[in-house]
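Please read them beside the sequence and the coordinates.

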Amino acid sequence: MKDKADVLQGTLALMALKTLDVLGPLHGYGIARRIEQISGDLLTVNQGTLYPVLLKLEQEGSIASGWGVSENNRKARFYRLTRSGRKQLQAETRSWEQTAAIIGRFFAVKAEHLK
Amino acid sequence: MRALRRFFRRLWSWAATQRDEERLRLEIEEHLALQTAENIRGGLSPAEARREAMLKFGAVEGMKEDYRQQRGLPALERPIQDTRYALRRLRMAPAFTVATVLILALGIGATTSIFTLVHAVLLKSLPVANPGELFRLGRESNCCYSGGYSFDKEFSLVSYDLYKYLRDNTKGFAELAAFQASFQTAPAMFGVRRSGSPEAAKSYGGEFVSGNYFTMFGLGAYAGRTITADDDQPGTSPVAVMSYRLWIEGYRSDPSVVGSVFSLNDKPFTVVGIAPPGFFGDSLLSSPPDFFLPLNMEPYVEVDADLYKYDTHWLDLIGRIQPGANPAEIEAQMRVELKQWLLQHWSEMSAADRARFPQQTLYLRPGGAGITSMREQYGRWLQILMTATGVVLLIVCANVANLMLIRGLERRRQTSLSLALGAPVSRILRESLIESMLLSLLGGAAGLAVAFAGTRLILRFAFISATGFAGVPISASPSMPVLLFALITSLVTGIVFGGAPAWIATRVDPIEALRGANRSTARAGSLPRKALVALQAALSLALLSAAGLLTTALQRLEHQDFGFEPDGRTVANINARLAGYRTEQLPALYRRIHDAIANVPGVSSVALCLYAPPLWGWGSGVFVDGRPAPQPGDDNSAAYDRVTAGYFEVVGTSILRGRGITDEDTAISRKVAVVNEAFARRFFGTENPIRRHFGYRPGASGELEIVGVTRDARYFTHGLDRPTGPMYFLPATQADYTRPNVGSLFLHSIVIQTKPGSLVTAAAVGQAVASVDPNLPIISMHSLREQVTNQFTQQRLIARLTSLFGILSLVLASIGIYGATANNAGRRVSEIGVRMALGAHRGDVIRLVLRGALGLIVIGLSIGLPLAFAAGRLLASQLYGMNPNNPAVTLWAVLALALPALAASLIPALRASRISPLDALRTE
């Protein structure tokens with residue numbers, strides 16, 4: 001059984017990848033904001049947890065980072081999706097959709113359907 | 001794939017820690033700035049906006065920790081961190097560290113030095129190519145020389161003819177080589193002189209080997225060339241290969257040695273090459289050979305040659321099998337060949353040989369270690385020593401474990417604090433284990449130095465070789481296997497002594513320790529410590545008792561009634577054969593040597609003999625006149641010695657009946673013999689042997705008349721523990737010197753009795769012999785007492801080493817008992833104070849403290865006594881007939897352990913009794 005943190009990390013990683021896929025290169029705050037906007041409460045308390053996830057993704061080669069200038073003219077770290085990251089996103093999206101579909105069907109089943 | 005990439009990235013980040021820290025800090029700063037700006041746009045005041053931003057970001061330190069975990073390699077970092085921490089802790093306790101490392105060094109060093117010997121003697125292969133492909137003839141190494149067409153157990157030696165038959169018919173061997181079997185652990189001796197050199201001949205070991213000897217071993221020459229099959233033919237020019245050792249030490253690696261002519265036993269040989277460094281021949285010997293000569297040169301050097309005798313078996317065989325050949329098939333094939341060869345010689349075989357024909361067989365065994373006579377000779381005592389060092393190492397472990405336990409107790413509060421703050425138990429265990437590992441590795445490193453020194457010392461005393469001869473080819477410097485052994489021993493030691501204390505250390509209840517007061521019921525940890533101390537005492541008792549048994553057995557050997565007088569006698573050894581004498585020249589030579597030495601000042605009498613006691617070398621069958629011929633299976637063998645007139649008086653053996661050998665026994669007088677008591681008993685029972693006749697050949701039983709019976713003198717015929725066997729003495733004058741070059745005609749020893757109070761130096765004897773013939777070297781000269789004690793070198797070494805280990809274990813056990821008692825007394829200071837305040841006397845306090853220590857000693861003794869008896873039973877075969885259950889020795893061992901142990905516990909007891917009650921109560 002996966003740790004709760006691992007589950008959260010896995011979801012976060014997928015969200016971060018999707019964000020970068022949709023919006024292009026973005027700094028950590030930007031990713032956090034975007035996830036927050038879409039997911040609601042999930043990240044409101046602990047935006048900081050995003051950074052270890054980004055580090056892991058970078059180590060795995062799914063994203064790359066470089067220094068750039070943010071909208072308030074400060075030095076900021078920008079992340080972008082790499083080719084292997086895009087592939088990973090596609091694969092994970094598929095598997096996620098499959099899982100979601102199965103789980104969805106499973107929950108839709110009611111007791112009387114099984115009789 | 002991704003995991004691998006991540007691993008390398010993490011490895012890289014780990015190396016570049018600083019930059020990443022900075023990057024994270026900047027990223028957090030930027031994040032907070034952006035969020036704050038956002039919040040301000042949302043209408044918050046700047047201070048409030050910043051606060052909100054930080055709240056939203058969450059716990060920075062926790063995140064950082066998480067980030068670091070992700071970034072580097074904690075699995076790699078933490079042990080390094082722990083090691084650094086452990087080193088710092090060890091540095092802070094220098095006394096503890098130094099003491100522990102020293103104790104460990106002694107234990108690991110002793111074990112490693114004995115292992116160096118075990119490895120060299122019992123485990124190592126010959127330094128040749130692919131030793132795994134080599135197979136040797138014979139299950140046991142058989143000494144040197146055997147006649148006839150049958151063996152009792154197996155054909156482990158072969159004649160030259162049988163060798164050629166086996167070599168030419170066994171196709172499974174790529175090469176099958178033969179070489180002269182060595183006598184015990186020494187090679188045959190040659191008198192060697194470089195041609196044209198004015199120096200006297202020196203004697204060096206040499207060995208006759210077949211032409212394919214070096215090819216079979218896969219060895220080339222270091223310089224020049226090796227002997228080849230072409231050199232091993234009758235009638236070719238004589239060549240020899242010199243050992244690397246002699247070339248370096250004797251001739252200072254003079255390149256002109258190769259190609260120059262040396263005379264060996266007065267026969268010229270061309271040295272064609274130098275054997276490779278480190279090659280010490282086919283067997284591990286205490287003095288390896290320095291010359292390798294082709295087998296076919298044997299008749300050239302020895303007049304009484306063995307080479308062409310079909311029934312004289314004097315060659316060992318080692319062969320290299322064809323790749324993929326099956327040794328079992330080769331063995332089966334060789335057995336058939338042996339039978340075929342024997343059948344070819346059926347007409348020459350005696351009735352006894354023919355009767356034993358069906359049982360004749362041979363065995364092929366792995367030969368990568370060569371001919372392992374040394375293995376058989378030293379194996380047993382190396383096992384004893386290895387066991388003894390193992391016990392010492394156990395005691396060392398127990399001792400250090402005890403120190404670690406005490407240290408763990410001292411650190412109790414720190415451990416509980418760490419646990420209370422959330423340190424995982426595994427981490428504390430690991431820290432503790434790393435500390436023990438560090439200690440044991442340091443101890444192991446120091447132990448290597450101890451081992452090196454120890455091995456050199458043992459080698460010097462264990463394998464005595466005369467100066468100028470090659471020493472035993474065992475190096476004291478640690479080889480790879482020895483280093484590995486020391487490393488593994490250290491690690492295992494570390495786990496053994498560190499594991500339990502580490503576990504106990506983690507079993508503290510945080511609350512308990514934090515409640516404070518050192519007075520807390522800390523007795524919880526004292527049971528394992530007591531057990532350890534008792535264990536040390538028990539093991540130590542077993543070792544002490546073993547040492548006592550071995551020492552007593554040695555003393556009995558050394559102080560037995562030898563039947564001759566070892567004091568006031570000197571023995572000089574010569575070898576006229578090395579100076580090129582022919583047998584017919586010998587009687588005159590002996591007379592002249594006798595007269596020359598008799599005239600040396602301080603000499604009271606002199607006699608020559610084939611060998612002086614306690615050595616032994618020659619034997620024959622005995623055929624008594626008027627008795628039926630002995631049947632096969634009857635033991636009619638006896639040892640014999642050839643001596644000059646007055647020999648018994650010179651060595652101090654008394655004549656019981658008749659007379660000794662005198663000047664009346666000349667070459668033309670009737671042939672006589674003097675026999676010892678064992679001879680008289682064996683062959684004549686209660687009859688009077690005087691004037692009876694016997695012979696040493698069947699059909700010549702009237703040859704010798706017995707004129708005297710002597711006391712049994714100890715000539716160590718077969719072993720130190722065997723009773724003296726039958727022996728007869730012949731006058732040297734009556735030997736048949738017309739027989740050319742018969743070995744037993746060359747008398748080797750000159751026994752010199754000195755006048756009381758005077759000293760006869762080697763130089764004076766040397767001069768006297770040189771005045772007879774300057775080319776006749778004195779090979780060695782010892783007092784007869786030395787010659788006797790040299791027989792017990794091995795026994796003495798084992799006894800001394802075991803005693804040394806026993807004393808070491810005793811010291812360690814005493815330290816253990818001292819430590820336990822002192823610690824116990826220290827913890828009871830306040831209790832003692834209360835007791836004294838309530839009126840207890842000093843005596844009561846001493847008794848109180850001693851009672852605990854005494855209990856430990858008694859438990860130790862009661863476990864140790866059965867161990868000691870078990871050790872005695874194991875040693876029984878090494879005690880030369882002494883009963884291993886020797887109450888005196890046991891008592892001695894018990895006292896040797898109990899007294900120092902009591903003394904060790906008395907010190908803290910006395911100290912405790914001097915506590916002032918006031919001070920004691922104040923420590924609350």
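Predicted model: local features only at pLDDT ≥ 70, side-chain atom pairs only at ≥ 80, totals over all residues.

1. Q560(B) is exposed, having 12 other C-beta atoms within 10 Å; a residue is called exposed at 12 or fewer such atoms, buried at 20 or more, and partly exposed in between, with the C-beta atoms placed from the backbone. Q560(B) sits in the loop that runs between α18 (526-558) and β14 (569-574) of chain B, where helices (H or I, at least four residues) and strands (E, at least two) are DSSP runs numbered from the N terminus. Between Q560(B) and L394(B) there are 166 residues in sequence and 37 Å in space, taken C-alpha to C-alpha.

2. Residues are numbered from 1 along each chain as its sequence is written, and chains are lettered from A and ligands numbered from 1 in the order in which they are written.

3. On confidence, pLDDT being the predictor's confidence in each residue on a scale from 0 to 100, chain B has a mean of 84, with 92% of its residues at 70 or more. Chain A averages 81, and 82% of its residues score at least 70. In residues 1-5 of chain A the pLDDT is below 50, and this stretch has one contact in the model beyond near neighbours in sequence; a contact is counted if the C-beta atoms of two residues, placed from the backbone, lie within 7 Å. For the complex, the predictor gives an ipTM of 0.82 and a pTM of 0.73.

4. Which helices of chain B supply the side that touches chain A? The contact takes 24 residues from chain B and 22 residues from chain A, and α1 (2-15), α2 (17-41), α3 (46-57) and α4 (60-71) of chain B each supply at least two residues of the chain B side. Of these, α2(B) gives the most, with 10 residues. By class, the chain B side divides into nine nonpolar, four polar and 11 charged residues, where Ala, Val, Leu, Ile, Met, Phe, Trp, Tyr, Cys and Pro count as nonpolar, Asp, Glu, Lys and Arg as charged, and the others, Gly among them, as polar.

5. The secondary structure of chain B comprises 28 helices and 25 strands. Its radius of gyration is 38 Å, well over the 29 Å that the globule rule gives for 924 residues, so chain B is more spread out than a compact globule; the radius is taken over C-alpha atoms, and the rule is 2.2 Å times the number of residues to the power 0.38. The C-alpha trace of chain B spans about 135 × 80 × 55 Å along its principal axes. Of the 924 residues, 42% count as buried, and among contacts in chain B between residues at least 6 apart in sequence, 83% join residues at least 24 apart.

6. Chain A has four helices and three strands, which run α-β-α-α-β-β-α from the N terminus on. Buried residues make up 31% of its 115 residues, and 48% of the contacts in chain A with a separation of 6 or more are between residues 24 or more positions apart.

7. Helix α24 (residues 793-827) and helix α26 (residues 842-875) of chain B pack at an angle of about 145°, with their axes 10 Å apart; axes are lines fitted to C-alpha atoms, for helices over the stretch in contact, and angles run from 0 to 180 degrees between N-to-C directions.

8. Most residues other than glycine have a negative phi. R252(B), however, has a positive phi near 45°, and S253(B) has a positive phi of about 40°. R252(B) lies in the loop between α9 (244-251) and β8 (261-264) of chain B, and S253(B) is found in the loop between α9 and β8 of chain B. R252(B) is exposed, with 8 other C-beta atoms within 10 Å, whereas S253(B) is partly exposed, with 13.

9. P698(B) belongs to the loop between β21 (693-695) and β22 (704-710) of chain B, and counts as exposed with 11 C-beta neighbours inside 10 Å. Leaving aside neighbours within four places in sequence, P698(B) is in contact with F623(B) and A629(B). P698(B) and A629(B) are 69 residues apart in sequence and 7.5 Å apart in space, C-alpha to C-alpha.
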